[in-house]
Structures are given as structure tokens and as C-alpha cells.
Amino acid sequence: MAGHSPSPTRRLAHLTRHLLASSSSSASGELSSVGAPAAAGPTRATASKGFAAVLVCIFEDPRGDTRVLLTKRASSLNSHSGEVSLPGGKVEEGDADVKTTALREAEEEIGLDPALVSVVTVLEPFLSKNGLDVTPVIGILSDRSLFNPVLNKDEVEDIFDAPLEMFLKDDNRTTRKRNWMGMTIPVQFFDYEAEGKKYVIWGLTAHILTRAAAVVLQRQPSFAELPRPKSAPVTSKH
């Protein structure tokens, strides 16, 4: 119908207002997932080795389902080669904050123009197995059709998107024990297939997406959310 505003746009506007209001009501400006247990997992006694940020970039498809952009890392990389990840990287000198870092890295990796993304909140940091405090930044891509990916082939092999809701469901999900800095902890894995390609989303990325999905969709996962490893408290400029 001519002149009719599509429902995904209205839903995104509502979602934006919800996240902005929730974030502004928090003293730190960071959100934990709705109803999820407060931070708790094994704590590493020493301070983190640095700071990083990832962009949880969500959009709505024509059916109104919320989806998230994901990448498959280049097989030539020295670390996490061939793994599914969120666009992101280390905080660099000159980055105003973690939001700037996430947007800069997304532009460098997949050609996502920061002007197309509305950042609505950040989540609490996650500790990577390499000792980095990784802060998820949630941004909304209001018009997916305006984004034409340009992949940095040195870093990214592929880009795809997945339904955000899948990270709250037990379907296609398994849990395995993995060593983390000398400790054995449970790690979740999600199997996903798109356009004939099979992907495994696991580890830190899977944990972040479960937390982000709980915040965005405002409901708890159908499974018990796994403990989140964390570093000893440090002072940062998030």
C-alpha cells in the first residue's frame, strides 16, 4: 500500500525506545539480560589484558523477525581462524569509547557504514579466553537493503545473518566442556545452516548472543544461561 509504513520499522522504533530507556536508567549505561543471573562465573584473579568491543547489529526481515549479522573469520588468521564471530576488535588509541570501536571495526571488516547503524546500548563486558574484556555494543540497522557488504578478505571469509531468537532456544544447541585458563567450564554451541552453508556458532560469540537476545527480545532463554567468566574488577573508560 502506497505511503504505508511497514511494521518492521514501527517495531524497530519501539525496540530502540525500550533499549535507550533501559540503558539511561542504568548507572553504568550497561545492560544485563532480562531475568538472567547477575554476572557470575569463574573469576580470573588478575586484571584483563586489554579491551575490545563487538557489534551486535540487528535488523528486521520482511516478516518482522529480528536477525543479527555474523561473520566467518578468514582461515588465514592466526587466532580464531575460520570461526563465526561478531564484527569487532581491540580498542585503539583514539577511540572515544567502545561504541566507536565496534562501529570502526565493523566498517573495516564488512564495509558497514556507521551512519546506517543506531547504537542503542552496550552490555556488560565478557572475558575472552585470551584475557580481553569484550564489550558487546547493540546497534540497529533500520534498513538492511542499504547495506552492501564489502568484505576485508584478510580478516573475513563470509558474512551471513541468523535469527536472534535461536540463541534463546535449545534447538540445535549443545553444551561441551572446554578448558579456560586452566579451568573446565561449560561452553555452548549452536548449529545453523543458511543458503546451503553450515555454521557453528560457539564460545564467546554464542554466550554474547544469548545475552543480547535476552535483552532485545525481553525474555529468558529456554535453557539455564551458562556462567559468564569475568576478570577481577578494573577501572576502564567504558
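Me: Does Glu-92 count as buried, exposed or partly exposed?
Reply: In this predicted model, Glu-92 counts as partly exposed, because its relative accessibility is 41%.

Me: Which side chain does Glu-92 meet in a salt bridge?
Reply: Glu-92 meets the side chain of Arg-104, with 3.5 Å from N to O. Arg-104 belongs to helix 2 (residues 98-110), while Glu-92 sits in the loop between strand 6 (88-90) and helix 2, so the pair ties together parts that are twelve residues apart in sequence.

Me: And Arg-104, buried or exposed?
Reply: Arg-104 counts as buried, since its relative accessibility is 15% and the limit for buried is under 20%.

Me: How many salt bridges are there in the whole structure?
Reply: A search of the whole structure finds 13. Another of them joins Lys-197 and Asp-158, whose closest N and O atoms are 3.2 Å apart. Here Lys-197 is in strand 13 and Asp-158 in strand 10 (residues 156-163), so parts that are 39 residues apart in sequence are tied together.

Me: What is the accessibility of those two?
Reply: Lys-197 counts as partly exposed at 39% relative accessibility, whereas Asp-158 counts as buried at 13%.

Me: Where do Arg-219 and Glu-165 lie?
Reply: Arg-219 lies in the loop between helix 3 and strand 14 (230-231), and Glu-165 in the loop between strand 10 and strand 11, so their pairing ties together parts that are 54 residues apart in sequence. Their side chains meet in a salt bridge of 2.4 Å, N to O. Arg-219 is partly exposed at 35% relative accessibility, and Glu-165 is partly exposed with a relative accessible area of 34%.

Me: Which residues do salt bridges with shared partners join into one network?
Reply: The network consists of Glu-92, Asp-95, Arg-104, Glu-105 and Glu-108.

Me: Changing topic to the sheet: what is the strand order?
Reply: The order is 11-12-13, in an open sheet of three strands with antiparallel pairing. Strand 11 (173-180) and strand 13 (197-202) are the edge strands, each pairing on one side only. On average, neighbouring strands of this sheet are turned by 35 degrees against each other, direction ignored.

Me: How many bridges link strand 12 and strand 13?
Reply: Strand 12 (residues 183-194) pairs with strand 13 over six bridges in the antiparallel sense. Within this pairing, Ala-194 has Lys-197 in strand 13 as its bridge partner.

Me: Which strands does helix 3 touch?
Reply: Helix 3 packs on the sheet and touches strand 12 and strand 13. The direction of helix 3 makes about 75 degrees with that of strand 12.

Me: Why is helix 3 described as largely enclosed?
Reply: Of its 15 residues, 13 are buried, so helix 3 is largely enclosed by the rest of the structure.

Me: What span should helix 3 have?
Reply: At 1.5 Å a residue, the 15 residues of helix 3 (residues 203-217) should span 21 Å, and the end C-alpha atoms are 21 Å apart, which agrees. Just after helix 3, Gln-218 takes a positive phi of about 60 degrees.

Me: Last one: where is Thr-71?
Reply: Thr-71 is in strand 4 (residues 66-73) and counts as buried, at 1% relative accessibility.

Me: What does Thr-71 touch?
Reply: Leaving aside residues up to four places away in sequence, the contacts of Thr-71 include Val-84, Pro-87, Ile-110 and Phe-160. Asp-158 is also among them, and Asp-158 is the residue that forms a salt bridge with Lys-197.

Notes
Residues numbered from 1 in each chain as written. Predicted model: local features only at pLDDT ≥ 70, side-chain atom pairs only at ≥ 80, totals over all residues. Heavy atoms only, no water. Helix = DSSP H or I, 4+ residues; strand = E, 2+ residues; numbered from the N terminus. Expected span 1.5 Å × (residues − 1). Buried < 20%, exposed > 50% of the residue type's maximum accessible area, 1.4 Å probe, protein only. Pairing = 2+ DSSP bridges. Axes fitted to C-alpha atoms, helices over the stretch in contact; angles between N-to-C directions. Contact = heavy atoms within 4.5 Å. Salt bridge = Lys/Arg side-chain N within 4 Å of Asp/Glu carboxyl O.
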